[in-house]
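Good morning, and thank you for making time on the agenda. I would like to take the two chains in turn and then turn to the contact between them.

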Amino acid sequence: MELKIRKSSNIYIIDIQGEMDLYNSYKLKDLVMKMLEKKVTKFIINLDKVEYIDSSGIGALIYICSTIKKMNLQLLVTNVHGSVKKVIELTKLMGYFPMAATVNDAIKNL
Amino acid sequence: MSNKMIIIDDKSNIFNTDGCFYKEFPSDLRQVRYFTLLIVQKAPPEIKELNLLEQQISELIKNAVKHGNKCDLNKKVKIWYFFSKEEARIIVEDEGKGFLKIREWNEFNKKRLQCLHEENFEELGNYVSYRTPESDDRDGGNAMFAALEYWNNGLVFTEKANKIGVSKKFPKNQRGIDIN
């Protein structure tokens with residue numbers, strides 16, 4: 001799994017590529033926690049290039065989402081499709097994660 | 001509202017190993033995905049939709065390796081499996097003391113489904129991840145919720161609860177159009 005950060009004004013976009021599985025998912029959690037320490041307030045997590053996700057990956061997203069909600073900061077998850085969408089649907093969390101269709105849509109909404 | 005739950009039944013048909021393939025693995029967490037691929041390669045392509053079968057089997061093996069056998073390399077995970085175009089069935093047994101909190105988990109899941117039914121996303125936040133004192137940072141706490149949905153033909157534990165059996169039925173392909 002590869003994580004890349006880019007910026008659009010004060011919004012930080014995390015592009016994830018590869019497999020969000022039991023071996024990798026903690027890296028995303030660690031990265032977001034570090035960004036929170038640096039006072040980032042607006043996040044976009046872009047799942048467009050995620051080829052595989054398991055319960056650890058979903059768990060990382062839940063942890064990030066609940067932490068950001070508790071701190072009253074902003075997060076949008078984008079480009080949820082394919083197997084990622086299927087796995088989120090199995091956990092019935094499509095309504096729990098704040099989502100936007102694309103990164104551009106998310107930028108407009110944050 | 002969905003009322004799916006984990007069943008405890010030593011005599012369930014899902015535990016019938018007739019015609020199943022069998023493999024056993026050491027409890028090496030680093031190799032869980034590799035072991036999973038060795039199992040899934042026997043499945044016909046029709047039922048491997050979007051890696052979901054692989055992902056769901058990997059969760060079962062991970063649970064056995066990590067929560068059952070506590071990653072003790074001397075302990076084995078035993079797996080029986082059967083695949084056809086219409087069904088996937090897996091039985092996974094570990095040498096641990098069993099998933100002793102099934103009833104508690106079912107109660108937790110009932111509350112989760114209630115929140116979903118009422119679209120109470122505020123309260124749902126308390127039920128998105130099932131955790132025990134033994135859970136660690138890398139446990140998502142959501143694998144069994146998805147498993148119960150995916151394995152639509154049953155998810156059963158033995159009374160000792162160190163053995164899980166799951167089954168999924170796949171719809172038969174429509175091969176033609178019925179004309180009256």
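**Two chains and their contact**

I begin with one residue pair: A:Arg6 has A:Ile13, in strand 2 of chain A, as its bridge partner. Please keep in mind throughout that this is a predicted model.

That pair belongs to the antiparallel pairing of strand 1 with strand 2 (residues 11–20) of chain A, which are joined by seven bridges.

Let me now step back to chain A as a whole. The chain contains four helices and five strands, and its elements, read from the N terminus, follow the order β-β-α-β-α-β-α-β-α. Chain A is as compact as a globular protein of 110 residues, because its radius of gyration of 13 Å is close to the 13 Å given by the globule rule for that length. Along the principal axes, the C-alpha atoms of chain A fill a box of roughly 30 × 25 × 25 Å. In terms of burial, 38% of the 110 residues of chain A count as buried. As for contacts in chain A between residues at least 6 apart in sequence, 71% of them join residues at least 24 apart.

One backbone detail in chain A deserves attention. Most residues other than glycine have a negative phi. A:Asn79 is not a glycine, yet its phi is positive, at about 55°. The residue sits in the loop that links strand 4 (74–78) to helix 3 (82–90) of chain A. Is A:Asn79 buried or exposed? A:Asn79 has 23 other C-beta atoms within 10 Å, and because the threshold for burial is 20 or more, the residue is buried.

I turn to chain B. Its secondary structure comprises five helices and six strands, arranged from the N terminus as β-β-α-α-β-β-α-α-α-β-β. The radius of gyration of chain B is 17 Å, which agrees with the value near 16 Å that a compact globule of 180 residues would have. The box filled by the C-alpha atoms of chain B, taken along the principal axes, is roughly 60 × 45 × 30 Å. Of the 180 residues in chain B, 34% are buried. Among contacts in chain B between residues at least 6 apart in sequence, those that join residues at least 24 apart make up 67%.

Within chain B, helix 2 has 17 residues and spans 23 Å from its first C-alpha to its last, close to the expected 24 Å. Helix 2 of chain B is mostly covered, with 15 of its 17 residues buried. After helix 2 of chain B comes B:Lys70, which has a positive phi near 50°.

B:Glu119 also has a positive phi, of about 55°, although it is not a glycine. B:Glu119 is located in the loop between helix 3 (102–117) and helix 4 of chain B. B:Glu119 counts as exposed, because it has 8 C-beta neighbours inside 10 Å and the limit for exposure is 12 or fewer.

B:Tyr34 is part of helix 1 of chain B. With 11 other C-beta atoms within 10 Å, B:Tyr34 is exposed. Its C-alpha atom is separated by 29 Å from that of B:Ser12, which is 22 residues away along the chain.

How values were computed: Residues numbered from 1 in each chain as written. Chains lettered and ligands numbered in written order. Predicted model: local features only at pLDDT ≥ 70, side-chain atom pairs only at ≥ 80, totals over all residues. Helix = DSSP H or I, 4+ residues; strand = E, 2+ residues; numbered from the N terminus. Expected span 1.5 Å × (residues − 1). Rg over C-alpha atoms; globule rule 2.2 N^0.38 Å. Contact = placed C-beta atoms within 7 Å. Pairing = 2+ DSSP bridges.
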